[in-house]
Amino acid sequence: MIGITHYGGYIPKLRLDRMQICQAMGWFAPAIMAVAQGERSVCNWDEDALSMAVEASRDCLKGGNKANVDALYLCSTTLPYADRQNAGIVKTALNMGDTVLTADFTSALKAGTTALTAAFDALAGGQKKNILVTASDKRETRGAYFYESWFGDGAASLMLGSENVIAEYKGSYSVSHDFPDHFRGTGFKYDYMWEERWVRDEGYSKIVPQAVGGLLNKLGMKMTDVTKLAFPCFFKAEHLKIARTLGAAPGQVVDNMHEVCGETGTAHPFIMFISALEQAKPHDKILMAGFGQGCDALLFEVTDNIARLSPRKGVKGCLADRRQFPSYEKYCKFRDLIKVEMGIRAESGARTAMTTLWRKRKMITGLVGARCTKCGTPQWPPPQICVNPSCGSVKQFEDYEFADRKGRVLTWTADMLAVSWEPPCVYGIVQFDEGGRMLLDFTDCEQQDVKVGQPVRLSFRQRYFDKDRGYQGYFWKAIPVKEEGGKEASA
Amino acid sequence: MATGIKDKVAIIGMGCSRFGERWDVGPEELMVEAYEECLQDAGLETKDIQAAWLGTCIEEINSGKSALPLTLALRLPQIPATRTENFCATGTEAFRGAAYAVASGAYDICLALGVEKLKDTGYGGLPDLNANAGPLNWLWFPNLTAPGSFAMLAQSYAAKYKVPDEELKTAMAHVSAKSHANGARNPKAHLRAAVSVDRIMAAPIIAHPLGLFDCCGVSDGAACAIVTTPEIAKGLKKKDFVSVKALQLALSNGEELQYNSWDGSSFVTTSKCSEAAYKEAGIKNPRKEISMMEVHDCFSITELVTMEDLHISERGKAYKDVVAGVFNIDGEVPCQVDGGLKCFGHPIGASGLRMLYEMYLQLHGRAGDRQLKDPKIGLTHNLGGFPFMNISCVAIVGKYGV
């Protein structure tokens, strides 16, 4: 049996109430009111498709063994690098072994389901045992546009394998079309969209049924055999109508999540599928389809193992962990839709030395420190000589991963002088419960969330962007969380 | 067996430029301004200087690398000259170079000069630390500033001693109010207005909990000293000259930020460095024996905590000593009599020498409106870097033979 063994979700904490858009921009585009139900998820200023993919994958790896992963596919249309494999950065951030096959699947919103299909083919062929497929998107639009409301930011990861399968893979069916509902030319920031009515009638309404119908035919099944149907379509009414055409009752259709996060692009079929999986019972059959220049449909049957899956945040946990944007203007700044004066201090910056990054890739991208094999002291940065004054042993270290360790705030500040997209810039020293300490930027928090002794967890984030060279740097940051015993959700 | 520096070096001349936003001058003019005063004070000529040390820290926005800016500006005639840089201890490091050179017998008369031109950046505060911290630090070091890194000291101190936020804020305000009162009496100081505790408390936050008046001035300036041996000083008919009693330095080895013991509320280095300095100077009870101090008050909290690490205040009690006026000009141990970094200003490379300049003036009874009554021993202290990783420097000076 092959199938899904673990899943993980990541929807950023920030949510923009769509009425905030209407209130700010209704004078200009009154029609956006038509899609202004609920809220959309929005990346913090230091998040992007790549950082979200890392976070979703960390959630996915809970209870799993990353040493067994032999391929990692990253799926997105909004990756930071056009040439420098993004999946390789994810692999390094997750501190996976060097023999993992990495690949980016990109240039179509169905890239996630396409990668999933390709991954199952590899598993079925026996050449690979465990494949991590992660899909993530942070899609940019101009302001006061329907798509600004339709879209949300998010990521999801699925681990595929043959042991402890929670959802057995039953088969897939794909169709490919050069259906240019939208496109983004190389070097362009925003998509160019053709008329929505045509996209709805000639795109979603015809292409999704072609793939879903094709899969049911191939498997000799009827829609009534399917427990849940998960496919993205940001036209709410059309979403249900397409399902009806396929013979699915409203109760079988997985909600398109417009009101709670918006459509997350490449990640959305995964996110909808996971939201169904989070409520599924053994033997439920869930059909996932991804749309974009064609359609891939895949069918899964939930197994008894679903009850034994270790706890994770998933989509449900992410949706519950939310903070509302205070204003549309702040959203616009975060999306670089308005230019504010950052001051001369913001001109400061340095090139990134690729030699240094390569030499220190485990440390910087993977947050791997060192533990002294003589005295056991974990330490950061990884040194040559042990920092313990009563040890001092030389070069007696083993790798020590810090990313999943729990820590507490030793000290902190909220700095109004430091250049920041969201002043004040909050940072401090984190003391890890099992030893080791680290000077870190804090994120996803406000000043009142932080105090000495507060527990923190770590998150992979953008650290700086070198705009002259197009280089995006990443590092880890601390997120203050509530004391254990309370909810797992962030403070 | 090392015997220390006590009474092996005489300071026979000092000079200090006016500190401030010196828009009209650059490092060259500042150096000459301090040097002219110093030469005249020593009664010497340039040809008498046998070797020189230049202290300057942020050279990329200032005078550039090497000691050449010094030798060119002062027209020092092809003599040995060396640039020192050790963050905020830079100026004292230049002095240490010159002092050790005469103490060793290698030279008779040496010059130490510190200069910093900071106001050519186009913005307030110091330049971004991170972009010039090397290619590895750039990849991960947080986006921190000087006020932010010292604000963390205040958070830890308040947490450790359970000092209510308002009470610590008030004590910090007293630190700054005292320095403003002193700075108002100093014609060379950058900031010369007295400021009330209430106004200090109400000022905008720079890095929580530090407000505008908790931060020292960013200033342009230069200061210098001419040193020789006591024997030569006597030969030059110098009477009652000032001599060096101790020169100590301590640098972090990473324990604060990388090991698990430091609680963030003290300067590990200063504690050790001051003990070594007291030993070198033969001081048993610093609170009683030290007549005056110029310490590194880059931020009010720095000065407050430093009182504990200099073993002047008991642990966890400095904030009470501050409010009780122990460090006021008429207090038990006057501190920052010239206004300190807070009000005299902080041109980094000049600061250590500026502090020694105040000690020198006070010991000679030449401190004008702010002259203390009969001071015997003066202590200066620099703290470069951050609370969690720093360079601490303590110098003690006094009248020769006293």
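Predicted model: local features only at pLDDT ≥ 70, side-chain atom pairs only at ≥ 80, totals over all residues.
**Helix α10 of chain B**

Helix α10(B) runs over residues 268-281 and has 14 residues. From first C-alpha to last, α10(B) reaches 20 Å, close to the 20 Å expected at 1.5 Å a residue. Its buried residues are V268(B), T269(B), T270(B), C273(B), S274(B), A277(B), Y278(B), E280(B) and A281(B). An α-helix has 3.6 residues a turn, so residues three or four places apart point the same way. The buried residues of α10(B) pack against β8 (242-251), α9 (255-258), α11 (286-289), α12 (300-309), β10 (377-386) and β11 (389-399) of chain B. Just after α10(B), G282(B) takes a positive phi of about 75°.

**Domains of chain B**

The domain assignment gives domain 1 as 10-124 + 220-235 and domain 2 as 143-216 + 246-399. Their centres, taken over C-alpha atoms, are 24 Å apart. The contact takes 32 residues from domain 1 of chain B and 28 residues from domain 2 of chain B. On the domain 1 side, β1 (10-16), α3 (90-103), β4 (110-116) and β7 (221-228) of chain B each supply at least two residues. The largest share, 7 residues, comes from α3(B).

**Contact of chains A and B**

Chain A gives 42 residues to the contact and chain B gives 35 residues. On the chain A side, the elements with two or more residues are α11 (354-359), β18 (407-415), β19 (425-432), β20 (437-441) and β22 (471-480) of chain A. The largest share, 6 residues, comes from β18(A).

Notes: Residues numbered from 1 in each chain as written. Chains lettered and ligands numbered in written order. Helix = DSSP H or I, 4+ residues; strand = E, 2+ residues; numbered from the N terminus. Expected span 1.5 Å × (residues − 1). Buried ≥ 20, exposed ≤ 12 C-beta atoms within 10 Å, placed from the backbone. Contact = placed C-beta atoms within 7 Å. Domains from an automatic or database assignment.
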